[in-house]
Amino acid sequence: MKIRNVEVLVACPGRNFVTTRITTDDGVVGLGDATLNGRELAVASYVKDHLAPLLEGVEAENIERIWQYLYRGAYWRRGPVTMAAIASIDMALWDIKAKSLGVPLYQLLGGRTRRHLLTYTHATGRDIPELFDAVRRRQEQGFKAIRLQVGIPGLADIYGVGTAAGHTAGFAKPLVEVWDTPAYMRFVPSMFEAARNEFGAEVPMLHDVHHRLSPIEAARLAKDLEPYRLFWLEDVTPAENQEALRLVRSASTTPLAIGEVFNTLWDAQEILQKQYIDYLRMSVTHGGGVTAMRKALDFAATFHIRSGMHGPEDVSPVGMAAAIHLGVSIHNFGIQEYGGYRESTMELFNPAFELKDGYLTPGERPGLGVDYDDALAERHPYSASYLPVNELRDGTVHDW
Ligand code: KDG
Ligand code: MG
């Protein structure tokens, strides 16, 4: 079974998605997610201009060899553009292999280790009453675990709240958000105190700091939040300096999750080996595909670290399907983020995975269980869009 052609499909059914489609000489079609929010066309070009010509005529079955060829053979390794491109090829090849055998992908990964995947979703509000309404709505939808993000008094927009929350299409230049670390650190513990009083001790609650704190600030926040028993505190610092997390670890027992911007096991190696985190956030889409993520999560397992794969709306349903198949097969699954998709996105990809009562199942369709409707995609052309940037009150650029 040889690769006949590799196509790159870009569509914006409310937000941009990049999808790689591989067709074999006997007509089996596989899909892979290559979406990199705000840098979509760079990955599209990488796949179209640099990978597709190398793959035509190659045996589609040899997934591991193809992964090594694309990774080692390029000389230039790693980085989000390269790894999202390789991930999309890898996902499409796993999709093809499973379809050609007539089984859902998880069967090729060792079968199921659990019935379904616990998910968490997002609740946001400009203030605490609005946030709590959002939490109640999410609970009514069946979600058990919820990420809480709240507006900070005195700040117009902060991560996950305000304009950024709806910031998915048509922002041809990044908006600017204003950030104030002391105000944030004063307010967030009081929000969690109120949330525990309102919703009780049992609801798994999460929070995303989005890389905004220095190590000593991160240590203090983790400690201040300890009484509220978070499921996890995410991205407390920009994790380029991984040794900095030793300080956060020694200050508190609040569980930590990091890694949504990591692309290879090498990016995560130090924090895994030193056990600085409890959940690894790398996604299949940005972490080099099913082949690489399986290895990364197996390595994490040896340090008692579980998966918490990134799953916002900008990981496409193809990438989400890959995460779900992997999640049901690995032993050290922790939780799956599920940002949810608008109807136009679900129509375009028609995924087999199902969300019920806050739990995801992969479905039983062969392969990843995802389609691509070309006619529908044509009605949703690419629209340049960027995430906001973040500045301090004096105009200094801050981490977003
Ligand atoms: O592209 C950036 C988003 O995926 C990111 O803002 C979402 O931090 C995020 C999360 O935890 O889902
Ligand atoms: Mg995050």
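**Salt bridges in close-up**

**View 1. Arg-136 and Asp-133 are joined by a salt bridge, with 2.9 Å between their closest N and O atoms.** The structure shown is a predicted model. Both residues belong to helix α5 (residues 128-140), where a spacing of three residues places Arg-136 and Asp-133 about one helical turn apart. Arg-136 has a relative accessible area of 30% and is therefore partly exposed. Asp-133 is likewise classed as partly exposed, at 39% relative accessibility.

**View 2. A salt bridge connects the side chains of Glu-64 and Lys-295, with an N to O distance of 2.8 Å.** This pair ties together distant parts of the chain, since Glu-64 lies in helix α2 (residues 63-72) and Lys-295 in helix α10 (residues 289-301), 231 residues apart. Glu-64 is partly exposed, its relative accessibility being 36%. For Lys-295 the relative accessible area is 40%, so this residue is also partly exposed.

**View 3. Asp-278 and Arg-249 form a salt bridge through their side chains, at 2.8 Å from N to O.** Here, too, distant parts of the chain are linked: Asp-278 sits in the loop between α9 (265-273) and β10 (279-280), whereas Arg-249 belongs to helix α8 (residues 245-251), and the two are 29 residues apart. Asp-278 counts as partly exposed at 24% relative accessibility. Arg-249, with a relative accessible area of 23%, is partly exposed as well.

**View 4. A network of salt bridges links Glu-234, Glu-260, Arg-281 and Glu-337.** Side chains that carry opposite charges can pair when their charged atoms come close. In the model, the count of salt bridges comes to 24.

Note on methods:
Residues are numbered from 1 along each chain as its sequence is written. Chains are lettered from A and ligands numbered from 1 in the order in which they are written. This is a predicted model: local features need pLDDT of at least 70, side-chain atom pairs count only at pLDDT 80 or more; totals for chains, interfaces and linings use all residues. Side-chain values use heavy atoms; hydrogens and water are left out. A salt bridge is a side-chain nitrogen of Lys or Arg within 4 Å of a carboxyl oxygen of Asp or Glu. Helices (H or I, at least four residues) and strands (E, at least two) are DSSP runs, numbered from the N terminus. Buried means under 20% relative accessible area, exposed over 50%, partly exposed in between (1.4 Å probe, protein chains only).
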